[in-house]
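Dear colleague,

I am handing over the structure below, together with notes on what was found in it. Please read them alongside the coordinates.

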Amino acid sequence: TVEQVVKSWPRLHPVQRLAVIDQLINVGDYPLAQKLLDRGGFPGNYEADAQALRAALLNAKGETHEAAKVAQGVVEAYPRHRRARIELGKAKFATEDDIAARENFELAVQGANNPQLETVIGRFIDAIDNRKRWTADVTFGAAASTNISQGSDTRFIYLNGLPFQLDDDSLGSEGAAFWTALNGAYVHPVASGLDFVSAASVSVRRVTEDRLNDSLVAVSLGPRWSFLTGSMPVQVGLYATGNYRWVSDEAYAGEWGARLALTARPEAPGFANISASVTHKNYSSDWLSDDLSYQDGINVSLSATYDRDLGNGVFAKALANFVVEDTETQHLDYTAWNVGAGLGYSPFAGVTVYAQGSYAELDYGADSPGFDYARFDRRWDGSLQVTMPAYALSGFVPSLQYTYTLNSSNVPFYDFDAHGVSFWVTRNY
């Protein structure tokens with residue numbers, strides 16, 4: 001009874017007191033929960049737990065602005081306090097501050113390894129997605145590389161036993177790049193479990209060597225179905241796709257086709273993405289006065305990724321990709337595949353460190369000009385990235401990345417390696 005709880009309060013351990021208050025909030029006895037919170041008895045770190053419950057009580061009473069203030073105070077002192085993150089997410093959700101709500105929900109579930117909590121948080125995130133039909137993000141970045149063009153490490157090569165010297169544009173060189181990217185999408189509900197998705201992106205990259213300037217405009221649109229297979233959420237989309245690219249500030253190539261995408265969450269801590277596409281590439285017939293149409297052709301690709309939360313702030317990723325390209329010129333036809341894996345860790349809320357490595361092979365279909373064999377490349381890529389939402393400025397989240405690439409080819413002038421450092425900020429809308 002209420003009287004028994006009040007009388008026994010001094011003898012209860014702080015954990016028991018917190019459990020009593022939590023239960024009172026759940027059953028709707030807000031006055032007694034308020035009274036016991038005000039009575040105190042939460043020494044040390046238990047005070048943060050009590051403040052998180054105070055935020056829960058305020059949320060339950062509909063006082064969301066006050067709840068946000070209380071929960072914010074807790075997460076500022078204890079960034080990994082899960083209950084405070086949840087209550088802050090609920091308060092932001094109630095005021096339709098969806099970006100902040102999603103961020104706090106994702107931080108709350110990070111490393112929890114708790115399927116029940118992930119289900120609850122997943123429902124909030126689904127609700128955010130359902131009421132916000134558009135998304136957008138913008139990125140500004142800068143990069144420096146020891147081989148910005150991924151050009152050859154070798155100046156002299158031998159063709160049919162005769163030495164030839166590569167020109168400067170074919171050699172690797174140090175450089176820097178600055179880029180910006182804008183992505184947007186709109187989801188139009190058609191029927192229960194069926195949406196029509198339109199997406200577009202624009203990216204512009206300016207390099208210290210003007211010949212490497214690169215711009216891209218891409219669009220996609222098509223239906224997306226959402227359904228359950230047993231208890232597993234699944235989304236399947238079928239999209240028409242297209243893009244156009246400019247290199248050296250001149251029209252370079254266009255590409256159009258179709259993509260089939262599948263996203264599934266076979267278990268609470270993990271999700272899988274599978275994508276297959278078929279596109280036709282059309283190269284410019286007058287790029288810097290060169291006719292590139294001999295590269296026109298069909299590209300078929302299949303890719304898959306699997307992400308899994310391992311708990312305690314650790315997550316893993318596996319990826320694979322397979323590509324076949326058939327062009328108008330036989331020695332440019334190729335088959336390629338790559339596999340990779342990554343491991344991430346959040347040492348504390350709002351900072352994530354992620355390392356990834358991958359290996360790829362590229363096998364061409366006919367002898368390279370000047371050689372009596374077909375080109376065959378092996379490529380190794382490694383990266384280390386730090387993302388820091390805890391240090392966002394005006395909503396822009398900073399990221400820092402180091403990359404290393406080593407490409408080994410049986411055609412000598414395709415050998416190269418490159419070290420790179422990139423920094424960028426991204427804001428989601």
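The expected span of a helix is taken as 1.5 Å times one less than its number of residues, and helices (H or I, at least four residues) and strands (E, at least two) are DSSP runs, numbered from the N terminus. This is a predicted model, in which local features need pLDDT of at least 70 and side-chain atom pairs count only at pLDDT 80 or more, while totals for chains, interfaces and linings use all residues. Residues are numbered from 1 along each chain as its sequence is written, and side-chain values use heavy atoms, with hydrogens and water left out.

With its 12 residues, α7 reaches 16 Å from the first C-alpha to the last, close to the 16 Å expected. Helix α6 (residues 82-94) has 13 residues, and its end C-alpha atoms are 18 Å apart, in agreement with the 18 Å that it should span. After α6 comes E96, whose phi is positive, near 65°.

Burial is judged by relative accessible area: buried means under 20%, exposed over 50%, and partly exposed in between (1.4 Å probe, protein chains only). By that rule the buried residues of α6 are A84, R85, I86, E87, L88, G89, A91 and F93, and what covers them includes α4 (46-60), α5 (64-77), α7 (98-109) and α8 (115-131); cover is counted by contact, that is, heavy atoms within 4.5 Å. In α7, the buried residues are D98, A100, A101, N104, F105, L107, A108 and V109, with α6, α8 and β10 included in their cover.

**Salt bridges**

The structure holds 17 salt bridges, each being a side-chain nitrogen of Lys or Arg within 4 Å of a carboxyl oxygen of Asp or Glu. One of them joins E87 to K90, with the closest N and O atoms 3.8 Å apart; both residues lie in helix α6, 3 residues apart, about one turn of the helix. An α-helix has 3.6 residues a turn, so residues three or four places apart point the same way. E87 counts as buried because its relative accessibility is 2%, whereas K90, at 30%, counts as partly exposed. E87 and K90 also belong to a network of salt bridges that links them with D22 and R83.

Another salt bridge is formed by R133 and D195, whose closest N and O atoms are 3.4 Å apart. This pair links distant parts of the chain, 62 residues apart, with R133 in the loop between α8 and β1 (134-145) and D195 in strand β5 (residues 194-207). R133 is partly exposed at 21% relative accessibility, and D195 is buried at 11%.

The side chains of R245 and D214 meet at 2.7 Å, N to O, in a further salt bridge, which again links distant parts of the chain: R245 is in strand β7 (residues 232-247) and D214 in strand β6 (residues 214-229), 31 residues apart. R245 has a relative accessible area of 33% and is therefore partly exposed, while D214, at 18%, counts as buried.

**A buried serine**

S284 sits in the loop between β9 and β10 and counts as buried because its relative accessibility is 12%. Leaving aside neighbours within four places in sequence, S284 is in contact with A251, Y252, D290, D291, L292 and S293.

Best regards
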